[in-house]
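Please keep the sequence and the model in view while reading.

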Amino acid sequence: MPNSNGSLFSLLWMLFCVLLIIGLAYFFTKYVIGRGKLGMMSAEKRGEIKAIARLGLGKNEQLLLVQVGERYFLLGNTAAGITNLAEFTPEEAEAWKSKDDQSGGAQPPSFREALQKVWKEKIKR
């Protein structure tokens, strides 16, 4: 009989250790890595990188005004890669922002709105 109690205790101890390892792995991935406690969090998640303005030039080409911390960059994005075209002062970047705000920030219609518009036109025919 003493052997069965020892094997039962051993089995329960192993089960406890496996559950503990799974729990610690969950905690580590959710709270430590997920919240950047190890410095692995991207700058975008910390709010340091923001796309201020975007201008499409072609199928795979666009200009981007990007804020990185307190600095502003004009980037050219093509299929071949990304190129830094210029760096702006915060005052110059504010001029871009204010132009975007003055234009009313005209956003393209949502997919739902566009689909409803096309559907209504289709029904009229």
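The model is predicted: local features need pLDDT of at least 70, side-chain atom pairs count only at pLDDT 80 or more, and totals for chains, interfaces and linings use all residues. Residues are numbered from 1 along each chain as its sequence is written, and side-chain values use heavy atoms, with hydrogens and water left out.

**Strand residues**
- F88 belongs to strand β4 (residues 81-88); strands (E, at least two residues) and helices (H or I, at least four) are DSSP runs, numbered from the N terminus.
- With a relative accessible area of 18%, F88 is buried (buried is under 20%, exposed over 50%, partly exposed in between, with a 1.4 Å probe and protein chains only).
- Between F88 and R71 the C-alpha to C-alpha distance is 7.2 Å, although 17 residues separate them in sequence.
- Q67, in strand β2 (residues 61-68), is buried as well, at a relative accessible area of 13%.
- A polar atom of the Q67 side chain lies 2.9 Å from the backbone oxygen of G69.

**Helix α1**
- L8 is located in helix α1 (residues 2-33).
- The relative accessible area of L8 is 47%, so L8 is partly exposed.

**Helix α3**
- Helix α3 (residues 111-124) has 14 residues and spans 20 Å from its first C-alpha to its last, close to the 20 Å expected at 1.5 Å a residue (1.5 Å times one less than the number of residues).
- The count of buried residues among the 14 residues of α3 is 0, and α3 is hardly covered.

Conventions. Polar contact = N/O pair within 3.5 Å; in protein donor to acceptor, adjacent residues only side chain to side chain.
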